[in-house]
Amino acid sequence: MNWVTPRAEELSYLRADPLLWEQELDVRPDVAQAIERATGTRAGRVYWRSAHDHLYALELADLGRGYPAMATVYGHWDRYEPRPPEHEIDADLLDFSLWVAEVAASLDPTDIARVAQYARIPTTWPEDTVLRTPDACFHALPDFPYPPQYIMVEGLRMAYIEYGVGDPILMLHGEPTWGYLYRHMITPLVEVGRVIVPDLIGFGRSDKPVADNAYSYKAHVRWLRRFIEALDLQRITLVGQDWGGLLGLRVLAQMPERFSHLVAMNTGLPDGPRPWRGVSTLAAFCAAPARPRRAGPDAACCAPSHAY
Amino acid sequence: MLRPKPSWLQALFPWEHQALRVNGRTMAYLDEGPPEARPVLLLHGNPTWGFLYRDFLQPLTAAGYRIIVPDWVGAGYSDHPRLDAALTLAHHIADLVALMDHLQLRGFIIVGQDWGGPQGVGAALQRVERLAALVPMNTWLFTGAVGRFHASPRPWTTWHAPLIGQFFMKRHKVLSQHGPSVTSRRGLSAEEARAYHHVFDEPNADHVVLTWPRTIPLHEGDRGWADMQAIERRLPELAEVPILLLWASEDNVFPLSYAERLKALLPHAEGPVRFDNAAHFLQDDRGPDLVRATVEFLNRTVGATL
């Protein structure tokens, strides 16, 4: 378990949601004592950060029995936001259950895993909660001959283009575009390195979860980090525009050892307190009269489908 | 006082519940048939409710008996307290004794399956002078495990381990929502499955589904151990009471070895009468056949008139 000590400031803007509560940990004193040994506490809270980056707390109470007699597990979410997708919580709670089985001599983690499988606990995206744009929509796009490659990130298909050799040049698009944005930059850049252009989750050829709350800033940063880890990119040159910068810069801060150069284009890393001037620019953009559109690919073809 | 019965349930379960306050909680029960006739208490277990006995009501009342079908506190249409102390073996027994006293039952018959066995017999032993006959079905009245199910890690002890049990049973309702339908040999219709689980749909309504398994006394010191030992010790008091053992042969929870142990404790009991193509919820798998055997036994031993 990835035990952490959260700062009071961090906890203050989170909401604690009880997920599992025990009135009778004493029904199996051996398990209760094993939890006490493993956490080093009989009464109080221990925190851990899950594989999905969510913060959880295990709260133990003694009730005068000489070992933890009651326990509650809390999930800590952004204070006023819907909690993360349920399958992420399930996966995290299953990990926690496996940990309980590991520390308790009378339980076997393989039994927990089997029961979870038998009960079909959803720990990946359930059916019909993820959309995928059909391949036909991407057929014969102008100036875009690059074949896609795919990688699975937390059960979602993430598409990317990989071209050339050498140190990676990671090019991140923003809203509301996709890798196509960089089509005129790929070929010239191949002369200096290995160009990697992912489609962010929710864009282009990558999978598109239906639920709004799937698209948190935290999740995008995590997906991007997993993408970089899966391809094991080192000495990265980060090229980021718009959200590509907001996300890429955060990932750079989390794993600076993997990055060597940075090219930031019309982006930033707003940190809250100061009003961001980009907002007024955006307001002006929205107020401007719409320009006539050029003919594009067949729009009807490009509606996302339930192909996942 | 009781939650209203949904309209889709009406065709499957047309009977109307009565309500009684027992030990501070509301208990729902059916009281059908002639009020002056000999009463038969039909007692369900985990994770079901009186719906389990729907095939029993018409034949038993037609045979002239009065039928009482309570939902245990924590289950069915009774209150669902999220409080361990209200859901112990002793508490369940006391709840049923309160119902027996309120209805002034005498010369009654206990029909019990699963937890309906120890809770029903536990209550009957408190009013043993009024007990006329006993029909245990796939249940037990003693401490320790005879079969492998309750001692094996999968699924039983794993499902009910601290915190892990909460994850499986409460967050995912694996037993309350799916128990009867995956166990059924006959195959439940979607409406029948829903009839079983709709009473546990509300968050936290299924606390009894955790407390019942955790009360199974396998080892000395387990919750329920002392109460079950008290029942087992008093079984010789039933030596004059007609007893019929009815047993589903395909029950993983209470296989025939449990019937043999009961037979050893109650040597004068008839049976066990085996019912094939029936699993743990045998009243659902073979209801009409079970009630026929029950009526035949009762008519022969005690009769419907008091």
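Predicted model: local features only at pLDDT ≥ 70, side-chain atom pairs only at ≥ 80, totals over all residues.
Between chain A and chain B, about 2,600 Å² of area is buried, and carbon and sulfur atoms give 62% of it; buried area here is the accessible area, with a 1.4 Å probe, that two parts lose on being put together, summed over both. Residues are numbered from 1 along each chain as its sequence is written, chains are lettered from A and ligands numbered from 1 in the order in which they are written, and side-chain values use heavy atoms, with hydrogens and water left out.

To continue with the interface: A:Trp21, A:Gln23 and A:Glu24 supply 23% of the area that chain A buries against chain B, more than any other three residues. Chain A brings 35 residues to the contact and chain B brings 26, where contact means heavy atoms within 4.5 Å.

What joins the two chains by charge? The rule finds three salt bridges across the interface of chain A and chain B, each a side-chain nitrogen of Lys or Arg within 4 Å of a carboxyl oxygen of Asp or Glu. In one salt bridge, B:Arg214 meets A:Glu22 at 3.2 Å, N to O.

Turning to the elements of chain A that touch chain B, strand S2 (14-22), helix H2 (29-39), strand S5 (70-78), helix H3 (86-103) and helix H4 (109-118) each supply at least two residues. Helices (H or I, at least four residues) and strands (E, at least two) are DSSP runs, numbered from the N terminus. H3(A) gives the most to this side, with nine residues. By class, this side of chain A divides into 24 nonpolar, two polar and nine charged residues; Ala, Val, Leu, Ile, Met, Phe, Trp, Tyr, Cys and Pro count as nonpolar, Asp, Glu, Lys and Arg as charged, and the others, Gly among them, as polar.

Over all chains, the structure holds 39 salt bridges. Within chain A, the side chains of A:Glu10 and A:Arg49 form one at 3.3 Å, N to O. A:Glu10 lies in helix H1 (residues 8-12) and A:Arg49 in strand S3 (residues 44-49), so this pair ties together parts 39 residues apart in sequence.

Finally, a helix pair in chain A. H6(A) meets H7(A) through residues including A:Tyr217, A:Leu224 and A:Ile228, which face partners including A:Trp243, A:Leu247 and A:Val251. The residues of this contact divide into eight nonpolar, three polar and two charged.
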